[in-house]
Amino acid sequence: MNETPYSASYIYMNMMAGYLSRGGFNSIEDIASEANITIAKRGRVPLKDMLKLVDAITQTTQNPAFGLDIGIQMHPSEYGIISHAFMNCSNLNEVMELTIRYTHLINDAFTIRIEKEGNQELSLILDSAQDDPALIPLIELDFASMLTMTRFLAGAKHEGDVQLVEMRFKHAPQTKPEVYARHFKCPVKFNQPENAVSVKSGMLDTKVYSSDPYIFRYLLKKIEEIAERMLVNIPLKKRVFDYIVKQLPNGVPSATEAAKAFNMSPSTLKKHLSQESANFTEICDQVKKGVAVKMISVRKKPLKEISSHLGFSNSSTFNRAFKRWTNMTPSEYRLHKQKNINAYPSREVQSEDI
């Protein structure tokens, strides 16, 4: 499949511009000009240009954790219409569902999914379609601002109910670990196989103190209109990929089911994917590979359970597919990842340590 032209919202640009202004640095326009980066005045920004700008800001400020700082200091209204929709959700569970559904409006290289840990805990996992180190400030910005926003939505009386169980980052600390612990107020682990935050399920029942269901419905309709307009510019193969990822907890959808979801006949879906040098089976294979690698790397789930989750008829079929993807069996891959983790142990800081 050809490389997908990912993009990010101009909201990031506004946040970074505000950070530079507050810190007394050169304007974002000057930094972009010096780095020969063309930036739009509004709308979407090609992700490759956004990442060049992130690198330039890191060099200018000499602060690789500037995204974390932005997320900690962000004003609740900075996500625009999405912020106002958050403020009118009925509870934090509705906020979480909105975040998962519309993350692509902020950065379409990012997706957020839920993984339940028994009946009491769940993890929000941020998956990135790219592994560019310049994404690290944006990942930290998203997680830090997510918590800042959530505390604001809970209101002063219930801010204490917003407690995280654990933060996990794939990257190394970008600043002193205690800075992370001070904001997230939970154990923070680095050099992990995934970017994720774990919370108690009950926390999501916390009500949003300023909610109005009528305003929420109006704003949701406007957000859906924006999302519909964006779909015109998003390749079908990426939309199908994201659809399969979201449907996976209920089983791998068939081509017929996917076609119905996109209001097409199976033959039309096949034709349009072919025009993008893709096919449905190949996309399913990519999704299965990504999820299999993550599940084997991160969790100690039995391989048979992972095989079943991905829709394989038996363990032998799963083993053959996994070896085709990675040149290792699932057991060999899990052992290999565990050795790497032991060789480069995670860095963890507890909030109680500061």
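**Close-ups: a cavity, a helix and an arginine**

**View 1. What lines the largest cavity.** Its lining splits into 26 nonpolar residues, five polar and one charged (nonpolar is Ala, Val, Leu, Ile, Met, Phe, Trp, Tyr, Cys and Pro; charged is Asp, Glu, Lys and Arg; polar is the others, Gly among them). This is a predicted model, where local features need pLDDT of at least 70 and side-chain atom pairs pLDDT 80 or more, while totals for chains, interfaces and linings use all residues. Residues are numbered from 1 along each chain, and side-chain values use heavy atoms, with hydrogens and water left out. A cavity here is a set of points on a 1 Å grid over the protein atoms alone where a 1.4 Å probe fits but cannot get out, and lining residues have an atom within 4 Å of a point. Helix 6 (92–106) gives the largest share of the lining, eight residues. Nearest the centre lie Phe-86, Thr-99, Asp-142, Met-146 and Thr-150.

**View 2. Helix 4 under cover.** Six of the eight residues in helix 4 (66–73) are buried (under 20% relative accessible area, 1.4 Å probe, protein chains only; helices are DSSP runs of H or I, at least four residues). They are Phe-66, Gly-67, Leu-68, Asp-69, Ile-70 and Gly-71. Their cover includes helices 1, 3, 7 and 8.

**View 3. Arg-151, buried without a salt bridge.** Arg-151 sits in helix 7. Its nearest side chain of opposite charge, Glu-159, is 4.8 Å away, whereas a salt bridge needs a side-chain nitrogen of Lys or Arg within 4 Å of a carboxyl oxygen of Asp or Glu. Beyond four places in sequence, the contacts of Arg-151 include His-183 and Phe-184 (heavy atoms within 4.5 Å).

Methods:
Buried < 20%, exposed > 50% of the residue type's maximum accessible area, 1.4 Å probe, protein only. Helix = DSSP H or I, 4+ residues; strand = E, 2+ residues; numbered from the N terminus. 1 Å grid on protein atoms, 1.4 Å probe; cavity = no way out; pocket = protein on both sides within 12 Å on 5 of 7 lines; lining within 4 Å. Lys, Arg positive; Asp, Glu negative; His and termini not counted.
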